Amino acid sequence: DHHALVLDSKKYFSKEFDKYSGVLIDIYFDYFLAKNFSLYSDVSLSTFASNTYSILTNNKDIFPERSVQFFDYMIRENILERYAELDGMKKVLHGMTYRIKERFPLYESLSTFKDKQGLLYNNFMPFFEELKLHIAHFRE
């Protein structure tokens, strides 16, 4: 959340969406990841989603009930694959709007996202490359 590229991205949302700008960047960066999944993985997004859903389903007993309810929703709506579509993002943002206390209309950020998509993508690409390098150090 404190990375320079994330902070630069947050500025496009901070005026209208204040404390939710970081959440929005997480979601929109997930969109870029899902949309370009083949650049980052040898398996398809569909296969990745299916494998993830199987792992969650097979391990429901170790998660709190609230998490299990979210996983059921995530699987039913195929959220991981829907992240690659703007309509899917809209659904995710609508869902989040009704899960937060203030009912802040996060879905209204889509117009800003569409307007700034190129700039945000230009921040996402080097950020994600740095993130991959950072994670690789933990695997060594």
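Helices here are DSSP runs of H or I with at least four residues, numbered from the N terminus. With that settled, here's a look around this predicted model.

Asn78 sits in the loop between α4 (65–76) and α5 (79–82). Its phi comes out near 50°, a positive value in a residue other than glycine. That's worth a glance, since most residues other than glycine have a negative phi. Asp18 does something along those lines too: its phi is near 35°, again positive and again not a glycine. This one lies in the loop between α1 (4–17) and α2 (21–35).

How exposed are they? Asp18 has a relative accessible area of 54%, so it counts as exposed, because the cut-off for that is over 50%. Asn78, at 23% relative accessibility, is partly exposed.

**Aromatic pairs**

The structure holds 20 aromatic pairs. Take Phe13 and Tyr28, for instance: they're stacked, with 5.6 Å centre to centre and 20° between the planes. Phe13 belongs to helix α1 and Tyr28 to helix α2, so to speak a link between distant parts of the chain, 15 residues apart.

Phe32 is buried, with a relative accessible area of 2%, whereas Tyr121 is partly exposed at 24%.

Here are the two pairs in brief:

| Pair | Centre to centre | Angle between planes | Arrangement |
|---|---|---|---|
| Phe13 and Tyr28 | 5.6 Å | 20° | stacked |

**The largest pocket**

What volume does the largest pocket have? About 210 Å³. Its lining is made up of Asp26, Ile27, Asp30, Leu33, Ala34, Phe37, Leu45, Phe48, Leu80 and Tyr83. The elements that give two or more residues to this lining are α2 and α3 (45–58). Of the elements, α2 gives the most, with five residues.

Asp26 and Asp30 are on the lining list, and Asp counts as charged.

Methods. Residues numbered from 1 in each chain as written. Predicted model: local features only at pLDDT ≥ 70, side-chain atom pairs only at ≥ 80, totals over all residues. Heavy atoms only, no water. Buried < 20%, exposed > 50% of the residue type's maximum accessible area, 1.4 Å probe, protein only. Phe/Tyr/Trp six-rings, centres within 6.5 Å; stacked < 30°, edge-to-face > 60°. 1 Å grid on protein atoms, 1.4 Å probe; cavity = no way out; pocket = protein on both sides within 12 Å on 5 of 7 lines; lining within 4 Å. Points joined across faces, edges and corners; volume = space filled by probe spheres on them.
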